[in-house]
Amino acid sequence: MRSHRLVVAVTLLAASFSAASIAQTPAPLIPPPQVAPPGSLYERLGGTSKVAAFVGQTIDIVAANPEMNQSFDKVNLQHVKDLLIAQICSLTGGGCRYTGDTMRDVHAGHHISNAEFFDLVEVLRAAMRAQHVPLGARNELLEILAPMKRDVVKL
Amino acid sequence: MNAPSRRLATGVALLLGARGAVATDLTLEVSDPDGKPVADAVVYAAPVTGTAPPVRPKLRAIIDQVHKEFVPRVSIVQTGTEIFFPNSDNIRHSIYSFSPAKTFATKLYSGREAAPVLFDTTGLVILGCNIHDTMVAWVFVVDTPWFGKTDADGASTIKGIPPGEYRISAAAPAPSGNLKSIEMTLRVGGDGPQRQSVSLLAGG
C-alpha cells in the first residue's frame, strides 16, 4: 500500500448561504383588542395597554433577577410576553384566543419551586399596582391565575 | 505493485463494477484563508462520472438539545435520513426551519418523545428554536454516502470511496453566520489500495 499526498489549491467560493434566513416565526396569536369588551375584567384591568404594561414589567423584572430567572435563560422574552397577554386577555373576557401550549407543557422540566412561583406573583402584584390597576380587578385576576400553580411548580 | 498486476486489478474492477473495486480512505484537511485548521467543517465527495450509490434504507441521525443548544451544531446527513431530537434538556423546545430544503416545525415536550424529521432534499437546513433565540444548528443534506466532519485539527477521513472522479465539497458556518465553502474536482483511487491525503487551501 502506498501513500500519496496530494495538495490541491482551490478558490474560496463566494458564501452561498447565509444565516440571515433564520427568522422568527410570527407568534400564532390573535392580536389583543384595541378596545376591551365593556364590563369585562379585561376592561377593568385597563385593557390591552395596561395588561401589556404590567405583563412586560413582570417578565422584565423576573428575567433580570438571578434568584428568579433560571427558567428564563436564553428565552425569547417578547414571545413569552405576547403569549401571557393573550392568555390573560382570553381568561378575562377580552376576546382573545390563547393558542400557546398548556401550562403543564410550558413549565415541565423547569423544576420551578414554590418560592419561585410566589416570588413571581409578588412581582406581578407590584407591577399591577404600579400601573394603577384597581384592587378589585387585581384580586380577580390573581384568583383566576392561582389554580395554575399545580401545573407550574415541581414539574 | 507491478504493471501487469495493476492491469489485472483494473480488469477485475471493471468486471465487478465500482462496487468490487478497491476503495480509498480519503483524508481532507480543511483550513481557512489564513491557513488555520477549521473544525466542524463538513466535507463530502460526490461522483462526477458513473451512477451515484443507492440510498441506504433507515438512515438515522441525532441532534440533541443540551443546555439550550443544539448538539451537534453542525451535521451532515445523506438524503433520506431521519433526524431524531431527543431533547436531553427535558424542557419545552419549539424547533423550526424556514430553509427550502426542509421547512418544518416540531415541538419537543418534557417527557415525550417527538417523531423524527425526514430530510429528503439536498441543501442546507438551518434550525432554530422559537422559545430560545440563541439556538442554531446547520444541517447539510447531501446525496452521497461519502461525507464527514472535520475534527479539532481540521481533518476528516471519508472511508471507502470507490475509485473515480469526484466533486469534493467543504463548507463551514462562520461565526458571522455566513458560510465558507469550497468545491474542487479530484481523482480518487484507481491505483489499488491507497490512502490519499488532500489538503484544501482556501484562497481568493
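Which helix of chain A does C89(A) lie in? C89(A) belongs to helix 3 of chain A, where helices (H or I, at least four residues) and strands (E, at least two) are DSSP runs numbered from the N terminus.

A word on the source first. This is a predicted model, in which local features need pLDDT of at least 70, side-chain atom pairs count only at pLDDT 80 or more, and totals for chains, interfaces and linings use all residues. Residues are numbered from 1 along each chain as its sequence is written, with chains lettered from A and ligands numbered from 1 in the order in which they are written.

With 28 C-beta neighbours inside 10 Å, C89(A) counts as buried (20 or more other C-beta atoms within 10 Å; exposed is 12 or fewer, partly exposed in between, with C-beta atoms placed from the backbone). Beyond its neighbours within four places in sequence, C89(A) is in contact with residues including P32(A) and Y42(A) (C-beta atoms, placed from the backbone, within 7 Å).

| Helix of chain A | Residues | Some contact residues |
|---|---|---|
| Helix 2 | 47-64 | including V51(A), V55(A) and I59(A) |
| Helix 3 | 77-91 | including L84(A), I88(A) and C89(A) |

Helix 2 and helix 3 of chain A pack at an angle of about 140 degrees, their axes 9 Å apart; axes are lines fitted to C-alpha atoms over the stretch in contact, and angles run from 0 to 180 degrees between N-to-C directions. The two helices of chain A are therefore oblique to each other (under 35 degrees is roughly parallel, over 145 roughly antiparallel, 65 to 115 roughly perpendicular, the rest oblique).

Note on methods:
Contact = placed C-beta atoms within 7 Å.
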